[in-house]
Amino acid sequence: MRGVEILAPAGSSGALKAAVACGADAVYLGIDCLNARRNAENFTAQTLPQVVRNCHIHGVKVYLTLNTVVLEQEQPLLLKAAQAACEAGVDAVIVQDLGVAALLRRCCPKLRLNASTQMAVHNLDGVRMLEQLGFSRVVLARECSRQEIERIVQGTSLEVEVFVHGALCMSVSGQCYFSSVLGQRSGNRGLCAQPCRLIFRSCASDHALSLKDGCLISHLQELIELGVSSLKIEGRMKRPEYVAAAVSACRAARSGEQPDLERLAAVFSRSGFTDGYFTGNRDLELFGYRKKEDVTAASGVLKQLETLYTDPRQQVQKVGIRLDFSMQQGQFTDLQVQDCDGNVVCVQGELPQVALHKSTTQERAQAALQKTGGTPYWIEELNCEVGEGLMLPASAINAMRRDALIQLDELRGECKPIPFAREKAPELLTHTVAKRPAMRARLYRLEQLVPELVKRAELITLPVPELLRLCSEKTPDFLDKLCIGLPRMLFEGSEQLHSQLAQLRELGILHASVGNLGSLNIALEHDLLLHAEPFFNVLNPLATQTLAEWECSDVCLSLEATLESAKWLKSPVPTGVVAYGRLPLMTMRTCPVQVSAGCARCKEGENAITDRRGTAFYTSCAYGCAELLNTVPLYMGDRLDELRGLDFYEMWFTTERPEQVKQVLNACRRGEEWPESFTRGLLYKTIQ
């Protein structure tokens, strides 16, 4: 048994070759649509069957990435890609979009689903939602600590996959809108431009949004003991030599040997590696960027690494086989080969002759049968029964061995298609749209709750601590408008949150706003009216229907939705968009201000980092996680009439003081242009 799986990236044919040759147990790859690395070389629906066949022959599983958020008009493309995956017999697909998962469960229920790290699942509550959706595996957020991974593994029947090497994003995966808001290149759609790797200054760093590559290879034995199922290597945009080095290091560490981390760092690093999230040491040692010496270090190891996947003599043979050879007088020679997966091949050879000079001994037969170099096979067991005084040419035994292994290739590579029924795509229900969209407010601080807001908003969301503070002295007379803003990222503290929700529910607050599968599961336990936030990245009707089935009474659509697509999107529940506010460009577990200046200085107003032009990006931790806010607010106050066709719009107040809140509300009421710098966000732009 090889135990825990080593999962390698295959963003190109060269990387795939390196992963297979160096002994990966599985690879993940994309075709030319709906995958989160659209700039990789990738594969096609036409080449996928051959890729799967070759990998299966070598004992390697194939996971197809359908891990982007999907636009409504892309449903036919999604169905086509899913059908191609089923026909090729892939071992699983990796998905991010809730709508994609729901559709695949209908059309191909026997296709295994792996929940992408883009779903930002980071606690046991989120994993339990995946269990209900029919997932087989969860790819945890990279920010999870050892203790958090252990808690999840012990609490779920799902396989747990953990990133053990590769790039770390400053933002929790699936929660970054930096690239799309600034340049219309969406990370959730596979085209992140990585603006975070540029210069951003804090008081302690010139690269305040750039993390070192994560490396948990030295912790592999710990992860195995925890019960993790798969050890994942990031890097579908990386060269084959990187894949070769990473897979080789993981194989060594899994076997209890010393991995060559120096060679791995030479081929690619950003000022070295970090294990800070796993160990809980989330400090400045997490941060790093690609320096000149990091680039030049690769030249000394590339040729050596290339031989790992180009020299057949160095290829890792992963498929164990048992050979039973029989050569008896008066009987045709027989060879039976059985592999570790139970496939059996029988080959009949020539009649042996009586030896006139040298007879074929058991040792000579074994020597011929053991020649499996250049194939995926290594001999676990070899049994030879050779009668005395008989002779069979070595060439005949070699031919039997070759014939048997070719037949075994055919058996192992035989396509096992997965049933697919396109006609099972659901009929989508559509609710009646409100004649005029209602206004809702989302506040970061209690002080922003001005009387004008109470009067005009149909729903007012506050973070849990601020809502408790509001209700601590006396119960407000607008309880029916109040909404509990649950923390999106809840790595720890769920017991306290349950207690707080029970307290607020007892006070008579009925509404809760949720932005992650984990917080959704927690809120469901308290019989609250649920409102889905934009952080579910909903861009298609399948996703709205899924959230509606999970008792969400309405959905605020993705921050990447265009206004036109939002108004035309079919939904069984009311939908809306954000119409004012500094949009959160990143959701972070490690706050760049906190690690460099500390929380005290942040609270005193030193809560920003600056880009190379000196523009300030403010941070906030209002909803249970650090957020990096856009430099200017989204403003639609002078175009509220264009929001007709939606059920509601949301006003997000983040850094605003009470008097600024009043100013925004008055400007919107009068339909005035905003006098300062602002943006329309992505409401009139199409993301790529």
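These legends accompany a set of close-up views of a predicted model.

**Figure 1. The whole chain, for orientation.**
Let's start with the overall picture before zooming in. The protein chain holds 24 helices and 30 strands. With a radius of gyration of 29 Å, close to the 26 Å that the globule rule gives for 688 residues, the chain is as compact as a globular protein of that length. Along the principal axes, its C-alpha atoms fill a box of roughly 110 × 55 × 40 Å. Of the 688 residues, 60% count as buried. Among contacts with a separation of 6 or more, 71% come from residues 24 or more positions apart.

**Figure 2. The largest pocket and its lining.**
This view moves in on the largest pocket, whose volume is about 1,400 Å³. Its lining is made of 40 residues, and those nearest the centre are Ser 620, Cys 621, Ala 622, Gly 624 and Cys 625. Which elements each supply at least two residues of this lining? They are helix 17 (464-471), helix 18 (494-507), helix 22 (592-597), helix 23 (599-603) and strand 27 (616-620). Sorted by class, the lining residues of the largest pocket are 20 nonpolar, 13 polar and 7 charged.

As a reminder, strands of a sheet pair through backbone hydrogen bonds, either parallel or antiparallel.

All 7 of the 7 residues of strand 24 (residues 575-581) are buried. Strand 23 (residues 552-556) pairs with strand 24 in the parallel sense over 2 bridges, and here Cys 556 has Gly 576 as its bridge partner. Strand 30 (residues 648-653) also runs parallel to strand 24, and this pairing has 4 bridges. Within it, Val 577 is the bridge partner of Tyr 649. How do strand 24 and strand 29 (residues 634-635) run, parallel or antiparallel? These two strands run antiparallel and are joined by 2 bridges, with Tyr 580 standing opposite Tyr 635.

**Figure 3. The largest cavity.**
The whole structure contains 5 cavities of 30 Å³ or more, and this view shows the largest of them, with a volume of about 200 Å³. Its lining has 21 residues, of which Arg 142, Phe 163, Leu 168, Leu 216 and Tyr 277 lie nearest the centre. Two or more lining residues come from each of strand 7 (159-166), strand 9 (213-215) and helix 11 (276-279). Strand 7 gives the most, with 5 residues. The lining of the largest cavity divides into 13 nonpolar, 5 polar and 3 charged residues.

**Figure 4. The second largest cavity.**
Next comes the second largest cavity, with a volume of about 130 Å³. Of its 14 lining residues, Gln 96, Gln 118, Met 119, Phe 535 and Phe 536 lie nearest the centre. By class, the lining of the second largest cavity has 6 nonpolar, 7 polar and 1 charged.

Pro 9 is found in strand 1 (residues 5-9). Is this residue buried or exposed? Pro 9 counts as buried because its relative accessibility is 0%, under the 20% cut-off. Leaving aside residues up to four places away in sequence, Pro 9 touches Ala 15, Tyr 28, Ile 233, Glu 234, Gly 235, Arg 236 and Val 243. Gly 30 lies 21 residues from Pro 9 in sequence, and their C-alpha atoms are 9.8 Å apart.

**Figure 5. Helix 2 and the residue Gly 59.**
The buried residues of helix 2 (residues 48-57) are Leu 48, Val 51, Val 52, Cys 55, His 56 and Ile 57. Just after helix 2, Gly 59 takes a positive phi of about 75°.

Conventions. Residues numbered from 1 in each chain as written. Predicted model: local features only at pLDDT ≥ 70, side-chain atom pairs only at ≥ 80, totals over all residues. Heavy atoms only, no water. 1 Å grid on protein atoms, 1.4 Å probe; cavity = no way out; pocket = protein on both sides within 12 Å on 5 of 7 lines; lining within 4 Å. Points joined across faces, edges and corners; volume = space filled by probe spheres on them. Nonpolar A, V, L, I, M, F, W, Y, C, P; charged D, E, K, R; others polar. Rg over C-alpha atoms; globule rule 2.2 N^0.38 Å. Buried < 20%, exposed > 50% of the residue type's maximum accessible area, 1.4 Å probe, protein only. Contact = heavy atoms within 4.5 Å. Pairing = 2+ DSSP bridges.
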